[in-house]
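Here is a short briefing for a reader new to this structure. Please look over the sequence and the model, then read on.

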Amino acid sequence: TFRLLYKSAAALDIYDVMGNRVMSLTGSLPAPGTSPVSVEADISSLPTGIYYCRLSSGKFSLVRTLRIE
């Protein structure tokens with residue numbers, strides 16, 4: 001879940017440890033606004049391991065670690 005404070009295009013991408021983008025949720029993100037947004041992704045096809053989730057919107061970028069077991 002995340003909150004966009006400004007109306008701006010947003011992208012949520014998932015990368016493997018080698019830096020390869022394995023999933024992009026750009027097209028499935030709802031319209032930006034100030035209300036919290038929950039994104040559900042089918043990550044069941046990804047192998048066990050560590051991944052990085054990157055949320056980008058305008059000049060803002062945030063990266064978080066995702067562990068799939």
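D13 is placed in strand β2. The model is predicted.

- D13 is buried, yet it has no salt bridge.
- Which side chain of opposite charge is nearest to D13? It is R21, at 4.1 Å.
- The side chain of D13 does make a polar contact with the side chain of S24, at 2.8 Å.
- S24 is also the bridge partner of D13 in β3.
- Beyond residues up to four places away in sequence, D13 touches R21, M23, S24, L25, T26, Y52, C53 and R54.

**Strand β2**
- How many of the seven residues of β2 are buried? Seven of the seven are, so the strand is largely enclosed by the rest of the structure.
- Both faces of β2 are covered.
- On one side, A10, L12, I14 and D16 are buried.

- Four strands make up an open sheet, in the order β3-β2-β5-β6. Their pairing is antiparallel.
- From one strand to the next, the twist averages 25 degrees.

**Pairings, strand by strand**
- β2 and β3 are antiparallel and share three bridges.
- These two strands form a hairpin with four residues between them. In its turn, G19 has a positive phi of about 90 degrees.
- β2 (residues 10-16) and β5 (residues 49-57) also run antiparallel, joined by seven bridges.
- Y15 has Y52 as its bridge partner in β5. For A11, the bridge partner in β5 is S56.
- β5 and β6 pair in the antiparallel sense over nine bridges. G49 has its bridge partner, I68, in β6.
- β5 and β6 form a hairpin too, with two residues between the strands. In the turn, G58 has a positive phi of about 60 degrees.

**S56 in β5**
- S56 lies in strand β5.
- Is S56 buried or exposed? S56 is buried, because its relative accessible area is 17% and buried means under 20%.
- The side chains of S56 and R54 make a polar contact of 3.1 Å.
- Setting aside neighbours within four places in sequence, S56 is in contact with A9, A10, A11 and S61. Among them, A11 is the residue whose bridge partner is S56.

**The salt bridge**
- Side chains of opposite charge can pair when their charged atoms come close.
- How many salt bridges does a search of the whole structure find? The search finds one.
- Which side chains meet in a salt bridge? E69 and R67 do, at 3.5 Å from N to O.
- E69 counts as exposed, because its relative accessibility is 74% and exposed means over 50%.
- R67 is exposed as well, with a relative accessible area of 61%.

Key: Residues numbered from 1 in each chain as written. Predicted model: local features only at pLDDT ≥ 70, side-chain atom pairs only at ≥ 80, totals over all residues. Heavy atoms only, no water. Pairing = 2+ DSSP bridges. Axes fitted to C-alpha atoms, helices over the stretch in contact; angles between N-to-C directions. Buried < 20%, exposed > 50% of the residue type's maximum accessible area, 1.4 Å probe, protein only. Polar contact = N/O pair within 3.5 Å; in protein donor to acceptor, adjacent residues only side chain to side chain. Contact = heavy atoms within 4.5 Å. Lys, Arg positive; Asp, Glu negative; His and termini not counted. Salt bridge = Lys/Arg side-chain N within 4 Å of Asp/Glu carboxyl O.
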